[in-house]
Amino acid sequence: MNGWLRRLRRGAGAALCVALVMASGCDQSPPSSGPVGVLRSGLDAASGGVVVEFDLSRGLSEEATQLSFFSGPAAPSLPELVQALGRAKADRRTKGFLLSLGAAELSWAQAEELGRLFSSVAAEKPVVCHAHGYSNTTLFFAARACDRKWLSPAGEVGTVGIAGQMLYLKRLLDRFKVKADFLHMGRYKSAAEMFTEDGPSDEARESLLSVLGSIRHTWHEGLRAGSGGDKLVHAVEHGPWSPEAALKEGLVEAIGYLSDARDDSKERSSVDDIETSVGFSTRRDAADEITALIRTLAGASASEPKGEHVVVLPTSGGITMESSGVLGGEGIAAEPLSKILRRLRKDDSVKAVVIRIDSPGGSALASDLLWHELMLLREKKPLIASLAGTAASGGYYMACAATRILAERTTILGSIGVVGGKIVLGEALDELGVSSVTFPASDEPGAAERASYMSPLTAWDAATRESVRAQMEAIYELFLARVAQGRALPIEKVRQVAEGRIWSGVQGLEHHLIDELGGLADAILLAKKQAGLSEDVAVKIEGGPETLLELLQLDSEEDDPEAIRAALGRLRSTPPGPFAGLAAPYRPYADSLTPLLGRERVLATVPFAFHLE
């Protein structure tokens, strides 16, 4: 690597590291409880038997551990937790487990997988859970996984049943003379209804209620598998419950603080020590923290497996063509992800890949480009898709390229369809006294309407709408063909379950949209089996933050000082995404619409912000 670039990486890496340390409140003294969500390599060998604590109070990310430029490390990821649990189970000193949930939320798919993983542990060793508040999903998990559920004295069990909510903006847009000009392919592809209607269509209502009913059935089934039986099933739909009422109803077994739960866990496991394996309570000295930050900035992995191994590649968020270019940015960007997929395809030490998908979709173009790269990878080695909470529309577009697809019963998948359009502001501006005039270079009839196709100032005329419809129909047929090819199904069979309709994991299995029910751990085992590897072969988590070179959008051989200065300027001036302030559960759905703010007019995105508390 040339001198300019080496100096740039050293200087920029150090500057960014200092900024990150300052932003997260670190100093040179060893912290008592460092805010670093970095996975520990293992338990301290010098001690005797221990209870292993998993601190999930900040929730679980579906992405590899990332650092945000302003807020420090993100929450631990599900792939890391699965690996850490495997190590703890194999460690002979592990006598029990403590799960600190705080007030965290889990997705339905995460809750289902963790419930399954820890319920198998609970058959052999005590598993104690503590939370400041239990929600539908965290109680779903804890009811199956925990021998004893603790609740903080001022907490609550906020289980109130399942419902989906949607907003419809048509009357608001009408009031301001804003026109939503959208088309869709598929009867159930209702993504644009929030802009074009004042309520759901019959098809949208049917699709949503069907999936809600399937998830509710799975929820009840999982709760019955725990200790509460039918009494618990009734109680979870009639909250919220105070701690005392929750104790009386059998929703929890004890009321107290986390310190009380720790003491209980040690007593039940007959040990004196607790060690944190994953989470924000993990103790690390200042030198380790800075080293971890620098390694992350450089794009380095915490541990590089030697020899043959399986790769887990987490992908999460809306699908776009390009990355936001900001540390800690979210979403699935076609360009950087394609580079990773090509590298994995060429790396002979990578024997199989598990791609974890949690996405409502987004750009149809980006989805198809990623499908192509995934199909090329599939030709070289087994490719297993593990579907998280949502893998719909563009998310499912990617998944159908896999050799095998696994999903949880509560996963939202499908939505095979496309939607396209634009928001037209011309009439609204006219009401405010702002006129717009289009000046076409050609005097041919319809030239002005065609030339302003991308403009937010003018609506489409009939001819342009028909052209857009034809374009969308072609993309829809391509989507169907991609699913048919990836799933080895007749295209007419795919057409029957397409039309933009969403399905639960259970329904997806019935319609052959997935191959089996299961979570990330099951997908990893399947990948090893298909690659002919032993179960103890190494697993590496790929992805995570972009390298410094990728952030600066430089090639590895770039050495021009002007190009480097321009790259640094781009990094400094890159604004946050348009939905950066939106609540985290809804951000991927909003981000999936951002291609409409650019030059794309056709999306493969799920119909609505489907987040169930």
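A residue counts as buried when its relative accessible area is under 20%, and as exposed when that value is over 50%. Keep this in mind as you click through the structure, which is a predicted model.

**Stop 1: an aromatic pair**

Start by selecting F141. Its relative accessibility is 0%, so F141 counts as buried. How do the rings of F118 and F141 sit against each other, stacked or edge-to-face? Their centres are 6.2 Å apart and their planes stand at 65°, so this pair is edge-to-face. Colour the helices next: F118 belongs to helix α3 (residues 108-122) and F141 to helix α4, so the pair ties together parts that are 23 residues apart in sequence.

Together with F118 and F141, they form one aromatic cluster. Across the structure there are 8 aromatic pairs.

**Stop 2: a stacked pair**

Move on to F182 and F195. Here the ring centres are 5.6 Å apart and the planes lie at 10°, so the pair is stacked. F182 is in strand β7 (residues 179-185) and F195 is in helix α6 (residues 193-196), so this pair ties together parts that are 13 residues apart in sequence. Are these two residues buried or exposed? F182 has a relative accessible area of 14%, so F182 is buried. F195, with 17%, is buried too.

**Stop 3**

**Stop 4: the disulfide**

A disulfide is a covalent bond between the sulfur atoms of two cysteines. How many does a search of the whole structure find? The search finds 1 disulfide. Select C129 and C146, which form a disulfide with their sulfur atoms 1.7 Å apart. The torsion about the S-S bond is about -45°, so the disulfide is left-handed. C129 lies in strand β5 (residues 127-134), while C146 is in the loop between α4 and β6 (148-157), so the pair ties together parts that are 17 residues apart in sequence. Both ends deserve a look: C129 is buried, at 0% relative accessible area, and C146 is buried, at 9%.

Then select another cysteine, C400. Its relative accessibility is 0%, so C400 counts as buried.

**Stop 5: the backbone in the loops**

Hide the side chains and follow the backbone from G239 to P240. The peptide bond between them is cis, with omega near 5°. You will find P240 in the loop between α8 (229-235) and α9 (243-249).

Next, go to S393, in the loop between β15 (383-392) and α14 (394-399). Phi of S393 is near 55°, a positive value in a residue other than glycine. With a relative accessible area of 0%, S393 is buried.

Finish at E499, which is in the loop between α18 (491-496) and β19 (502-504). Phi of E499 is also positive, near 55°, and this residue is not glycine. Is E499 buried or partly exposed? Its relative accessible area is 24%, so E499 is partly exposed.

How values were computed: Residues are numbered from 1 along each chain as its sequence is written. This is a predicted model: local features need pLDDT of at least 70, side-chain atom pairs count only at pLDDT 80 or more; totals for chains, interfaces and linings use all residues. Side-chain values use heavy atoms; hydrogens and water are left out. Rings of Phe, Tyr and Trp (its six-membered ring) pair if their centres lie within 6.5 Å; planes under 30 degrees apart count as stacked, over 60 as edge-to-face and the rest as tilted. Helices (H or I, at least four residues) and strands (E, at least two) are DSSP runs, numbered from the N terminus. Buried means under 20% relative accessible area, exposed over 50%, partly exposed in between (1.4 Å probe, protein chains only). A disulfide is a pair of cysteine sulfur atoms within 2.5 Å.
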